[in-house]
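Please look over the chain shown below before reading the notes that follow.

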Amino acid sequence: MDAVIHRFGEISSTQSEARRLIDAGDADAGHIIVADRQTKGRGRFGRTWLSPQGGLYATFIVTARPGLSLISGVAVIRALARFGVHAGLKWPNDVMLNEAKLAGILIEIAGELALVGIGINLTAAPLETATSVQTAGTTARRGELIVAIREEMTQVETTNDLRTAYREHLRTLGKEVRIVPENEGPAIFGTAVDIDTDGQLLVETERGSRTISTGECLHLRVEPERNDDGMSP
Ligand code: BTN
């Protein structure tokens, strides 16, 4: 079935617009909200998502269900790979290229629906810690990438081992990490060893194992990624 796409020039946030359209009875599961620019793009932890012209800003309205965070992360990675961009995931679903952020995913619940908000830096990286598809030396058209993400979300949905599919792209495993909990609380330091079936991160700390459901993850002591010949780039 063809997706219904609501396309805008400049709006505050595709997430807010999705909510408005749902409340007005004008959007439902399967609809996608796309904007050229956002004036109040938002990220996880209430942060601002800088959204200048040239990036991909889209909210996919889907039925709320378990595993969406993993499904969306894997779908974005696979969609980007179709355009030659081989990115990885930093737990839970930051899309990274060599430790620089390429894309982010924000999932919000609206009743029985979920708003999967995806922001991808296509032409420019709005922050020093970020990168873009263009910096990676390739190009991906926004429209084609949105179609690819939608197709991959449907495809990933049918996988009978989502955890394995997600693990395959998760660069956090085996790394020393610092997790800052979403709510107040001390940071957790340790080695990320695995994820469970719900996508929670298992971290070995000096005081034993911890299972972490949400928070911001930082990779510590990052080694440069290596090419196939074993040499650093
Ligand atoms: C993150 O913090 O990593 C998540 C960023 C999500 C940004 C996207 S852009 C499209 C959608 N609309 C928003 O306001 N946010 C999400």
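A cavity is a set of points, on a 1 Å grid over the protein atoms alone, where a 1.4 Å probe fits but cannot get out. Grid points are joined across faces, edges and corners, and a volume is the space filled by probe spheres set on the points. By that search, the whole structure holds 1 cavity of 30 Å³ or more. The model is predicted, and local features need pLDDT of at least 70, side-chain atom pairs count only at pLDDT 80 or more, and totals for chains, interfaces and linings use all residues. Residues are numbered from 1 along each chain as its sequence is written, and side-chain values use heavy atoms, with hydrogens and water left out.

**Enclosed space**

- The largest cavity contains about 50 Å³ of space.
- Its lining residues, which have an atom within 4 Å of a point, include Pro-52, Gln-53, Gly-54, Gly-55 and Tyr-57, together with Ile-120, Asn-121, Leu-122, Thr-123, Ala-124 and Pro-126.
- That lining divides into 6 nonpolar, 5 polar and no charged residues, where Ala, Val, Leu, Ile, Met, Phe, Trp, Tyr, Cys and Pro count as nonpolar, Asp, Glu, Lys and Arg as charged, and the others, Gly among them, as polar.

**Overall form**

- The chain has 4 helices and 12 strands, these being DSSP runs numbered from the N terminus (helices H or I, at least four residues; strands E, at least two).
- The radius of gyration, taken over C-alpha atoms, is 17 Å, which agrees with the value near 17 Å for a compact globule of 233 residues; the globule rule is 2.2 Å times the number of residues to the power 0.38.
- Along the principal axes, the C-alpha atoms fill a box of roughly 50 × 40 × 35 Å.
- Of the 233 residues, 46% are buried, where buried means under 20% relative accessible area, exposed over 50% and partly exposed in between (1.4 Å probe, protein chains only).
- Among contacts (heavy atoms within 4.5 Å) between residues at least 6 apart in sequence, 63% join residues at least 24 apart.

**Backbone details**

- Trp-91 and Pro-92 are joined by a cis peptide bond with omega of about -5°, and Pro-92 lies in the loop between strand S4 (88–90) and strand S5 (94–97).
- Asn-98, in the loop between S5 and strand S6 (100–110), is not a glycine and yet has a positive phi of about 50°.
- Glu-99, placed in the loop between S5 and S6, has a positive phi near 70°, again in a residue other than glycine.
- Glu-99 counts as partly exposed because its relative accessibility is 29%.

Methods:
On a 1 Å grid over the protein atoms alone, a cavity is a set of points where a 1.4 Å probe fits but cannot get out, and a pocket is an open set with protein on both sides within 12 Å along at least five of seven lines; lining residues have an atom within 4 Å of a point.
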